[in-house]
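Visitor: I would like to learn how to read a pocket and the elements around it. Could you take me through one case?

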Amino acid sequence: MMTQAEQLKLSGQLPSPRGVALAILELSRRENATLGEIARVVQTDPALSGRLIKLANTASHVARPVVSIQEAVVRQGMATVRHLALGFSLVDQYRDGACEAFDYKRYWSHSLLMALCMQALGTRVHVAAADELFVCGLLAQVGKLALATAYPDEYNAVLLAQQADPAQALIALERSRLETDHVEMGTVMMADWGMPRTFTEPLTHYEESDHPGFPHDSRANSLVLMLRLSHQLADLGQINASARPDLLKDWMAKAVALDISPETAGNFVDDVIHHWREWSELLKIPAVALPPFAEICHGHHEAEGQAHDGETADIEMPLRIVVADSNATRRRHIMALLVEDSEHTVYPAENGNAALALAMEVLPHVIIAHYELPLLDGLELCQALRATDEGRRMHILMTSDEHGEEQLNRAYEADADGYLPSNLSSKELHTRLRAAQRMIHLQTAWEKDRAQLRQIAAELSVANRRLANAALTDLLTGLPNRRSAMDQLEQAWSAASRSGQPIAVMVVDIDHFKHINDTYGHAAGDRVLREAAAILRASARREDSVCRIGGEEFLVICPNTDLNAAMQSAERLRANLNAKRITIGNTEKTLTVSIGVATRESVTGDIDALVSIADQALYAAKEAGRNKVCTRQHSLFH
């Protein structure tokens with residue numbers, strides 16, 4: 001029998017790549033596809049090209065950086081490029097969506113940090129290529145995105161129920177309402193995308209704390225540990241500052257199993273967080289401004305702000321600088337001046353195209369470009385950089401053999417930040433760089449303020465959603481409450497009026513519930529209500545809405561449902577509840593309910609009248625001996 005996840009895959013409702021990523025996916029499935037063909041397709045997408053080059057250099061231990069997409073594709077391999085293109089395509093397409101309770105930005109921020117941690121762990125535990133592990137981490141939770149995409153309303157209800165009662169397992173809530181869960185969805189999707197079983201099997205089990213595990217020295221066991229560590233570190237960016245020290249201490253205790261000692265853990269985490277911030281800017285994904293590892297462990301959260309109070313310390317910060325000049329002697333001279341008595345990192349480029357590719361890869365703070373560059377001259381390079389978000393943040397200085405007002409005007413017309421004569425001394429050059437350092441200092445402070453404002457806005461948004469959820473959700477059962485039920489019924493009534501389709505409601509009442517409360521106590525009564533709610537929710541049709549409207553009474557709203565279909569559905573609910581034995585005290589009890597059914601007729605004035613008719617049918621079921629389904633027209637006796 002086909003699973004729900006497999007049915008969704010065939011339906012085309014799941015997240016899928018588009019454009020260049022789809023072309024790469026299709027091309028790579030051809031038996032005769034070559035890396036050269038893949039590289040040519042990748043080159044048609046500048047954003048994807050820059051990301052693949054950056055990733056190749058992030059994971060590489062080779063001294064010479066990758067500057068061409070052909071080299072990046074060869075280094076990463078066809079399968080990895082396919083999956084990277086797919087992952088980046090999903091990031092760009094699904095930055096938001098219809099599922100209100102699913103925080104898309106928060107999801108991608110967590111996934112990105114998890115991906116970078118997996119990549120970093122891959123340099124220590126050699127179970128797979130680092131770029132493959134990056135993809136594994138990025139897509140580890142893709143099943144959640146799939147459910148939010150395919151079932152926006154239903155998954156919204158699942159997430160709200162978990163927010164109301166965090167003790168409930170997300171997977172259990174998913175299965176009870178959707179007949180599948182995010183782990184199953186993710187596994188089906190990644191298998192369809194060609195992700196090897198080497199990765200999909202650990203991904204299926206790493207969230208299970210009680211999973212018996214794989215053999216201790218197996219690759220699967222190492223991958224499960226890596227996924228758990230990466231997921232936990234990714235949580236660092238999404239929890240309150242006060243909880244971070246305990247999380248990191250627990251993380252360090254587990255990291256020992258992968259040979260990350262407490263002494264090396266700090267550098268490892270700080271490097272991952274640093275790359276997370278860089279990638280967040282590149283992918284336009286929010287990232288919380290986290291203090292260094294040592295400050296988090298000691299509970300100091302203000303130190304990062306103190307670093308910006310002393311401007312001198314920030315102004316003397318090391319810079320990443322690209323020097324673009326076709327004259328090797330002149331280029332080496334400028335580079336020698338830059339590294340003299342400083343800790344700047346300097347990258348050479350001999351033409352404009354190489355400088356542009358290098359700038360997109362290393363994201364330098366400063367670019368020093370000569371006017372007369374081959375392929376792409378200095379002014380064209382400046383204009384090309386200013387056309388990108390990353391390039392607008394760079395401090396660009398033009399240089400020329402001639403020095404005059406014309407050169408200065410040309411530099412500013414191209415939107416450069418300044419002009420340098422080629423015979424500049426070391427002292428004069430470093431004086432010019434102070435402007436770039438001051439700009440970076442102010443930009444960093446501004447970004448920190450923005451990050452704090454985003455965090456405050458996110459926390460307020462979560463608080464508002466929780467308040468809205470509390471106003472519309474029954475906290476005991478997690479079902480919509482009476483207010484929400486009436487709103488939903490009003491919308492269903494209006495839709496039925498416009499379309500001419502039927503609409504039905506059921507009023508469900510637990511039999512002898514007062515006796516349960518009086519005999520076994522209210523705690524037992526609450527447990528009965530929760531179990532009854534879960535059974536109703538699992539037994540109802542997907543398009544029906546189950547609500548608790550008071551005490552032991554529930555309302556089921558059934559759009560596009562005539563009387564016969566409503567009676568059959570109500571009988572199924574009654575039978576499923578009657579088949580359930582609930583432990584109360586030291587005994588097991590059979591749960592029975594009475595159900596009243598009503599459908600809209602020509603004389604039914606409004607929703608209040610419709611519910612009133614269902615109430616009357618419920619009273620008829622009670623009078624007839626309970627454990628029955630009744631309507632005003634006829635009844636089902638048992």
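Predicted model: local features only at pLDDT ≥ 70, side-chain atom pairs only at ≥ 80, totals over all residues.

Visitor: What does the secondary structure of the protein chain come to?

Guide: The protein chain has 30 helices and 13 strands. Of its 638 residues, 52% count as buried, the cut-off being under 20% relative accessible area. Among contacts with a separation of 6 or more, 67% join residues 24 or more positions apart.

Visitor: How much space lies in the second largest pocket?

Guide: The second largest pocket holds about 1,000 Å³. Its lining has 35 residues, and Asp153, Asn156, Ala157, Pro480 and Gln488 are the closest to its centre.

Visitor: Which elements give two or more residues to that lining?

Guide: They are the helices α10 (152-164), α11 (170-178), α25 (426-472) and α26 (482-499), with the strands β7 (545-550) and β8 (553-559). α10 gives the most, seven residues.

Visitor: How does the lining of the second largest pocket divide by class?

Guide: The lining of this pocket has 16 nonpolar, nine polar and 10 charged residues.

Visitor: In which sense do β7 and β8 pair, parallel or antiparallel?

Guide: The two strands are antiparallel, with five bridges between them. One case is serine 545, whose bridge partner in β8 is isoleucine 557. β7 and β8 form a hairpin with two residues between them, and glycine 551 in the turn has a positive phi of about 55°.

Visitor: Is β7 mostly covered or uncovered?

Guide: β7 is mostly covered, with five of its six residues buried. β7 is also one of the elements that give two or more residues to the pocket lining.

How values were computed
Residues numbered from 1 in each chain as written. Heavy atoms only, no water. 1 Å grid on protein atoms, 1.4 Å probe; cavity = no way out; pocket = protein on both sides within 12 Å on 5 of 7 lines; lining within 4 Å. Points joined across faces, edges and corners; volume = space filled by probe spheres on them. Helix = DSSP H or I, 4+ residues; strand = E, 2+ residues; numbered from the N terminus. Nonpolar A, V, L, I, M, F, W, Y, C, P; charged D, E, K, R; others polar. Buried < 20%, exposed > 50% of the residue type's maximum accessible area, 1.4 Å probe, protein only. Pairing = 2+ DSSP bridges. Contact = heavy atoms within 4.5 Å.
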